[in-house]
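Hi,

Here is the structure I said I would pass on. Have a look at it first, and my notes follow below.

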Amino acid sequence: MASVTLGGTPVNTIGNLPEVGSPAPAFTLSRNDLSSVSLNDYRGKKLILNIFPSVDTGVCAQSIRTFNEKAASLENTEVLCISRDLPFAQARFCGAEGIENVHTLSDFKSGEFGKDYGLILVDGGFEGLHSRAIVIVDERGKILYTEQVPEIGQEPNYNAALNAL
């Protein structure tokens, strides 16, 4: 269980992020059109998993904007922005913001992604949502880098994540 803060108040996750060097846990998430996509669909590509509570919060929205900007210049790399938001909310946000270089994916159906990656918040105001984290996965599905952001209202370390690629 990881301990992070939300507005300075301690909150806990269901577990810990997967270990660097381990295989990325398999996942199936929902695209904005409600179709399913899995980790295997990205085999052969590097992945930045930008994980957050909701597109409807300022820091989460900023992380999508920042990775959208950075993703345009990345080779053989996909940025997956993952939350428990409904795909409709994710699509609305991306449309309004002109987001075109990242993929928003939802864990709304089962929450299994959040469980398998140890991200679900088990207490506090965001209970049931994902904590803010970054996971970098290589072309073979191995985890290269993780960051569990210690304060949910804080942006991730974009440079450290990008340097891990």
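A quick definition before the notes: buried means under 20% relative accessible area, exposed means over 50%, and partly exposed is in between (1.4 Å probe, protein chains only). Bear in mind that this is a predicted model, so to speak of local features I need pLDDT of at least 70, and side-chain atom pairs count only at pLDDT 80 or more, while totals for chains, interfaces and linings use all residues. Residues are numbered from 1 along each chain as its sequence is written, and side-chain values use heavy atoms, with hydrogens and water left out.

Glu78 first. This residue sits in strand β6 (strands are DSSP runs of E, at least two residues, and helices are runs of H or I, at least four, numbered from the N terminus). Glu78 counts as buried because its relative accessible area is 18%. Its side chain makes a polar contact with the side chain of His103, at 2.6 Å (a pair of N or O atoms within 3.5 Å; within protein, one must be able to donate a hydrogen and the other to accept it, and residues adjacent in sequence count only if both atoms are side-chain atoms). Leaving aside neighbours within four places in sequence, Glu78 is in contact (heavy atoms within 4.5 Å) with Tyr42, Lys45, Lys46, Leu47, Ile48 and His103.

Ser54 is another one to look at. It is in the loop between β5 and α1 (58-71), and is buried at 12% relative accessible area. The Ser54 side chain makes a polar contact with that of Asp85, at 2.9 Å.

Now the cores. A nonpolar core is a set of buried Ala, Val, Leu, Ile, Met, Phe, Trp, Tyr and Cys residues joined through side-chain atoms within 4.5 Å. The largest has 20 residues, and Leu49, Leu80, Ile82, Phe113, Tyr117 and Val135 touch the most other members. Two or more residues of this core come from each of β5 (46-51), β6 (77-83) and β8 (133-137). Apart from it lies another core, of 19 residues, including Val79, Cys94, Ile99 and Ile136.

Last, Thr9, which lies in strand β2 (residues 9-12). Thr9 is partly exposed, at 46% relative accessibility. Its C-alpha atom is separated by 9.8 Å from that of Gly125, 116 residues apart along the chain.

Cheers
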